[in-house]
Amino acid sequence: MKKLISEFVGTFGLTFLACGVAVIVGCNNEAGIIATSFAFGLVIVASAYSIGNISGCHINPAVSLGMVVAGKMDVKECVKYVVAQILGALAGSLLLGLCLGSFTSLGANGYGNLLPNGVEVTMWMALLVEIILTFIFVTTILGVTDKKENGHATGIVIGLTLVLVHLFGISITGTSVNPARSLAPAILQGGKSLTQVWVFIVAPLIGASLAGLFYKYILKTSK
């Protein structure tokens with residue numbers, strides 16, 4: 001139960017604070033993109049050093065799935081983690097909407113926007129980008145947590161990796177790499193966000209599964 005409560009609180013903080021920064025500062029300019037990217041990364045750093053010793057600080061269904069595929073977690077515990085993460089994200093989005101006085105913009109992900117080069121982001125582009133970014137993010141988590149000597153730096157490495165994938169992906173999809181973080185605001189915003197949210201559930205799960213396989217057969221340290 002301590003693990004599940006920790007996952008709930010961690011995902012709540014990610015959705016409330018990081019998505020909150022995205023809404024407040026906006027992501028249509030360089031300053032907003034940088035601020036939002038670091039907001040997501042800093043929440044992960046804070047969470048890693050606060051709840052990491054209890055639950056491992058997944059706060060992301062994709063990370064939990066990657067752990068299962070990599071052989072670091074059983075399916076039953078993963079399901080419990082995912083439920084706690086989704087509930088935490090929903091609580092974070094709900095309170096964010098109440099604090100901002102509106103549920104029209106809660107930091108949901110989406111596609112169909114124009115890139116700086118004038119190209120429209122298609123569904124297939126969004127799927128590909130999210131798969132790749134999630135693969136990179138989850139591979140980093142699996143790799144850096146594989147060695148005990150990395151313990152003190154783990155949270156910083158993971159947090160900075162999340163900053164990096166956000167810097168790349170915000171202009172394209174808003175960067176998900178986390179189904180719970182995408183589902184919660186989409187449910188409360190409704191409309192286009194809700195019809196497109198499946199992309200930000202399916203793609204991160206595919207990317208995480210590939211990362212788990214990559215770790216299991218390529219990166220895993222021999223015991």
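Predicted model: local features only at pLDDT ≥ 70, side-chain atom pairs only at ≥ 80, totals over all residues.
**Confidence.** The protein chain has a mean pLDDT of 94, with 99% of its residues at 70 or more. Going element by element, I found the lowest mean, 89, in helix 3 (residues 52-55). The highest, 97, belongs to helix 5 (residues 75-100).

**Helix 6 against helix 7.** Next I checked how helix 6 (residues 123-144) packs on helix 7 (residues 154-169): the angle is about 170° and the axes are 10 Å apart. Angles over 145 degrees count as roughly antiparallel, and helix 6 and helix 7 are therefore roughly antiparallel to each other. I then listed who makes the contact. Helix 6 brings Val-129, Leu-133, Ile-136, Phe-137, Thr-140, Ile-141 and Val-144. From helix 7 I noted, among others, Thr-154, Val-157, Ile-158, Leu-162 and Phe-168. Sorting the residues of this contact by type gave me 11 nonpolar, four polar and no charged.

**The core.** Which residues have the most contacts inside the largest nonpolar core? I found Phe-137 and Leu-162, in a core of 44 residues. Both names were already in my list for the contact of helix 6 with helix 7. Helix 6 supplies the largest share of the core, 10 residues. Other elements that give two or more residues include helix 1 (2-25), helix 2 (30-48), helix 4 (61-70) and helix 10 (199-219).

**Leu-162 up close.** Leaving out residues up to four places away in sequence, I saw that Leu-162 touches Phe-40, Gly-41, Ile-44, Phe-137 and Val-177.

How values were computed: Residues numbered from 1 in each chain as written. Heavy atoms only, no water. Axes fitted to C-alpha atoms, helices over the stretch in contact; angles between N-to-C directions. Helix = DSSP H or I, 4+ residues; strand = E, 2+ residues; numbered from the N terminus. Parallel < 35°, antiparallel > 145°, perpendicular 65-115°, else oblique. Contact = heavy atoms within 4.5 Å. Nonpolar A, V, L, I, M, F, W, Y, C, P; charged D, E, K, R; others polar. pLDDT = per-residue confidence, 0-100. Core = buried A, V, L, I, M, F, W, Y, C linked by side-chain atoms within 4.5 Å. Buried < 20%, exposed > 50% of the residue type's maximum accessible area, 1.4 Å probe, protein only.
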